[in-house]
Amino acid sequence: MGILNVTPDSFSDGGIHESPVAALEHARRMIGEGADLIDVGGESTRPGAEPVSLDEEIRRVVPVIRALRAEWEGSISVDTMKPEVAAAAIDAGADVVNDVSGLRVRAMVDLCRERRVGVVVMHMQGLPRTMQLSPEYDDVVEEVRSFLAQRHEELTGAGIDPECLVYDPGIGFGKTLEHNLALLRAGVQLASQGRPLLIGLSRKRFIGSLLGVEAVESRSWPTVALTAWTRERGAMIHRVHEVRPNREALTMVEAIRGRPTAGIS
Ligand code: HH2
């Protein structure tokens, strides 16, 4: 999953792909490098980020999704917590909703069921503005696992096809360094009911903490190493900024595992 942030303030690539033309170019590059899925986001969820208005978020993501859909048949997800944005994105051609709040809003559940889109259900403690102030768990692995399992029951109970669901522990979303490491260690145990596990760790802050360096650019190679590691721990979808090196790492892992590498060039 290649990340396409159409935002002025994302932590890693804010402002770079803000115009629709630049965004589309970046999407094409990631597809050329082997992305199967492009995740378009119009609101930064970095710790402390200010919320964006509905109209502004729609204005950012819809033109990019429409233009990308016109030239590409792969999967396009919209990274949003707002059902109105998700609806506009689906009308424009998105076929997956990536909701970092885990579909807390009932209208989002109804929309995903009615439009029968794929859904990424992520765990987050709190909300982006405050989530890193003092994250606390008794047992982070058990709490995230049981939250995702409970969401599975609730969402399928509300009529969402289980085949549409993907789960994500939400690395960095209301988690300390130790929490993130525990979740990465747990791997596939976190995914509910055998549904695929998605991991988003690309260039995140915990990597900088472990290395003792601040620069976001210095987090790229460790991201690639962790992509290979998390694949071994059962992750099936890897949300990354830099597609080529991560795709190459996955090609190596799949070759060693002896699995077919269909779609990996
Ligand atoms: N991480 C970010 C945003 N969306 N979605 C899922 N499912 N999982 C994640 O781990 C995840 C996510 C944060 O990364 P990024 O999009 O690069 O930054 P920002 O939120 O500042 O735009």
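Predicted model: local features only at pLDDT ≥ 70, side-chain atom pairs only at ≥ 80, totals over all residues.
Residues are numbered from 1 along each chain as its sequence is written, and side-chain values use heavy atoms, with hydrogens and water left out.

**Figure 1. Packing of helix α1 against helix α2.** Helices (H or I, at least four residues) and strands (E, at least two) are DSSP runs, numbered from the N terminus. Helix α1 (residues 20–32) packs on α2 at an angle of about 40 degrees, and the two axes are 10 Å apart. Axes are lines fitted to C-alpha atoms, for helices over the stretch in contact, and angles run from 0 to 180 degrees between N-to-C directions. This angle makes α1 oblique to α2; angles under 35 degrees count as roughly parallel, over 145 as roughly antiparallel, 65 to 115 as roughly perpendicular and the rest as oblique. Pro20, Ala23, Leu24, Ala27, Arg28 and Ile31 of α1 meet Val64, Ala67, Leu68 and Glu71 of α2, where contact means heavy atoms within 4.5 Å. Eight of these residues are nonpolar, none polar and two charged. In this classification Ala, Val, Leu, Ile, Met, Phe, Trp, Tyr, Cys and Pro count as nonpolar, Asp, Glu, Lys and Arg as charged, and the others, Gly among them, as polar.

**Figure 2. Packing of helix α2 against helix α3.** Helix α2 (residues 54–71) and helix α3 (residues 83–92) pack at about 20 degrees, their axes lying 8 Å apart. The angle makes α2 roughly parallel to α3, and the crossing of this pair is right-handed. On α2 the contact is made by Leu54, Glu57, Ile58, Val61, Val62, Ile65, Arg66 and Arg69, and on α3 by Glu84, Val85, Ala88, Ala89 and Ala92. By class, the contact of α2 with α3 comprises nine nonpolar, no polar and four charged residues.

Figure 3. Glu57 belongs to helix α2. Its relative accessible area is 0%, so Glu57 is buried; buried means under 20% relative accessible area, exposed over 50%, and partly exposed in between (1.4 Å probe, protein chains only). When residues up to four places away in sequence are not counted, Glu57 touches Gly42, Glu43, Val52, Asp79, Thr80, Lys82 and Val85.

Figure 4. Met108, Val109, Leu111 and Cys112 are the buried residues of helix α4 (residues 106–115). Viewed down the axis of α4, they fall within an arc of 165 degrees and so line one face of the helix, the arc being that of the directions from the helix axis to the C-beta atoms. The face turned away from this buried side carries the exposed residues Arg106 and Glu114. The buried residues of α4 pack against α3, β4 (96–99), β5 (118–122) and α5 (140–157). The axes of α3 and α4 come within 9 Å and cross at roughly 20 degrees; the two helices are therefore roughly parallel to each other. Their crossing is right-handed. Pro83, Ala86, Ala87, Ile90 and Asp91 of α3 make the contact with Ala107, Met108, Leu111 and Arg115 of α4.

Figure 5. Most residues other than glycine have a negative phi. Leu103, although not a glycine, has a positive phi of about 55 degrees. Its relative accessibility is 1%, so Leu103 counts as buried. Just after α4, Arg116 takes a positive phi of about 50 degrees. Arg116 lies in the loop between α4 and β5 and, at 53% relative accessibility, counts as exposed.

**Figure 6. Asp168 in strand β6.** Asp168 is placed in strand β6 (residues 165–168) and counts as buried at 4% relative accessibility. Leaving aside neighbours within four places in sequence, Asp168 is in contact with Val120, Val121, Met122, His123, Leu148, Leu198 and Gly200. Asp168 and Gly2 are 166 residues apart in sequence, and their C-alpha atoms are 16 Å apart in space.

Definitions and conventions
Left-handed = near helix turned anticlockwise from the far one by under 90°.
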